[in-house]
Amino acid sequence: MKKNDKNIREILKNIPSVDQLIIYCHNQFRITFPQSLLKKIIKETVNQIRSDIKNNFIYENIEDAIYSKLNFKISKYNKSSIHPIINGTGIILHTGLVI
């Protein structure tokens, strides 16, 4: 085992667990999509960070990097193109209401 491998392992130990990141996301955001999608986003983000570290990309603060990536991804998923509306056509059709 090389000295560099030990350093990488020590750095990887600083990555928060998926459960901690789920709690963070629920505390920071009003999650409007399924829990399974949130978990998938978190796992993809953590895997990306791990891959970067293994490829010798150095983060000054791993937690901040993860949180900023999660903030970006979750805000993208939280924006919904569906907006609530009031559909009053049934009232007019079924009651024969004439204005």
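The legends below describe close-up views of a predicted model.

Figure 1. The protein chain contains five helices and zero strands, and its elements follow the pattern α-α-α-α-α along the sequence. Of the 99 residues in the protein chain, 24% are buried. Among contacts between residues at least 6 apart in sequence, 67% join residues at least 24 apart.

**Figure 2. The contact between helices H2 and H3.** The axes of H2 and H3 come within 10 Å and cross at roughly 120°. That angle makes H2 oblique to H3. The crossing of H2 with H3 is right-handed. On the H2 side, the contact is made by Val 18, Leu 21, Ile 22, Cys 25 and His 26. Their counterparts in H3 are Gln 35, Leu 38, Lys 39, Ile 42, Lys 43 and Val 46. Sorted by class, the residues in this contact are seven nonpolar, two polar and two charged.

**Figure 3. Lys 43 of helix H3 and its relation to Val 18.** Lys 43 lies in helix H3 and is among the H3 residues that meet H2. With a relative accessibility of 43%, Lys 43 counts as partly exposed; the category covers values between the 20% limit for buried and the 50% limit for exposed residues. Lys 43 and Val 18 are separated by 25 residues in sequence, and their C-alpha atoms are 7.0 Å apart in space. Val 18 is one of the H2 residues in the contact of H2 with H3.

**Figure 4. The contact between helices H2 and H4.** Helix H2 spans residues 18-28 and helix H4 spans residues 62-78. The two axes come within 11 Å and cross at roughly 55°; H2 and H4 are therefore oblique to each other. Their crossing is right-handed. From H2, Leu 21, Tyr 24 and Cys 25 take part in the contact. H4 contributes Ile 66, Tyr 67, Leu 70, Asn 71 and Ile 74. By class, this contact comprises seven nonpolar residues, one polar residue and no charged residues. Leu 21 and Cys 25 are also among the H2 residues that meet H3.

**Figure 5. The contact between helices H3 and H4.** The axes of H3 and H4 come within 10 Å and cross at roughly 140°. H3 passes H4 in a right-handed crossing. The H3 residues in the contact are Leu 37, Leu 38, Ile 41, Ile 42, Glu 44, Thr 45, Gln 48, Ile 49 and Ile 53. These residues meet Ile 62, Ala 65, Ile 66, Lys 69, Leu 70, Lys 73, Ile 74 and Tyr 77 in H4. By class, twelve residues in the contact of H3 with H4 are nonpolar, two are polar and three are charged. Ile 66, Leu 70 and Ile 74 of H4 also meet H2.

**Figure 6. Phe 33 in the loop between H2 and H3.** Phe 33 is found in the loop that joins H2 and H3. Its relative accessible area is 11%, so Phe 33 is buried. Beyond its neighbours within four places in sequence, Phe 33 is in contact with Leu 38, Ile 41, Ile 74, Tyr 77 and Asn 78. Of these partners, Leu 38 and Ile 41 belong to H3, whereas Ile 74 and Tyr 77 belong to H4. Phe 33 and Ile 74 are 41 residues apart in sequence, with a C-alpha to C-alpha distance of 9.4 Å.

**Figure 7. Asn 56 in the loop between H3 and H4.** Asn 56 is located in the loop between helix H3, residues 35-54, and H4. Its phi is positive, at about 65°, although Asn 56 is not a glycine. With a relative accessibility of 51%, Asn 56 counts as exposed, as the category requires a value over 50%.

**Figure 8. The salt bridge between Lys 13 and Glu 10.** One salt bridge is found in a search of the whole structure. Lys 13 pairs with Glu 10, and their closest N and O atoms are 3.5 Å apart. Lys 13 is exposed, with a relative accessible area of 60%, whereas Glu 10 is partly exposed, with a value of 48%.

Conventions
Residues are numbered from 1 along each chain as its sequence is written. This is a predicted model: local features need pLDDT of at least 70, side-chain atom pairs count only at pLDDT 80 or more; totals for chains, interfaces and linings use all residues. Side-chain values use heavy atoms; hydrogens and water are left out. Axes are lines fitted to C-alpha atoms, for helices over the stretch in contact, and angles run from 0 to 180 degrees between N-to-C directions. Helices (H or I, at least four residues) and strands (E, at least two) are DSSP runs, numbered from the N terminus. Angles under 35 degrees count as roughly parallel, over 145 as roughly antiparallel, 65 to 115 as roughly perpendicular and the rest as oblique. A crossing is left-handed if the near helix is turned anticlockwise from the far one by less than a right angle, and right-handed if clockwise. Contact means heavy atoms within 4.5 Å. Ala, Val, Leu, Ile, Met, Phe, Trp, Tyr, Cys and Pro count as nonpolar, Asp, Glu, Lys and Arg as charged, and the others, Gly among them, as polar. A salt bridge is a side-chain nitrogen of Lys or Arg within 4 Å of a carboxyl oxygen of Asp or Glu. Buried means under 20% relative accessible area, exposed over 50%, partly exposed in between (1.4 Å probe, protein chains only).
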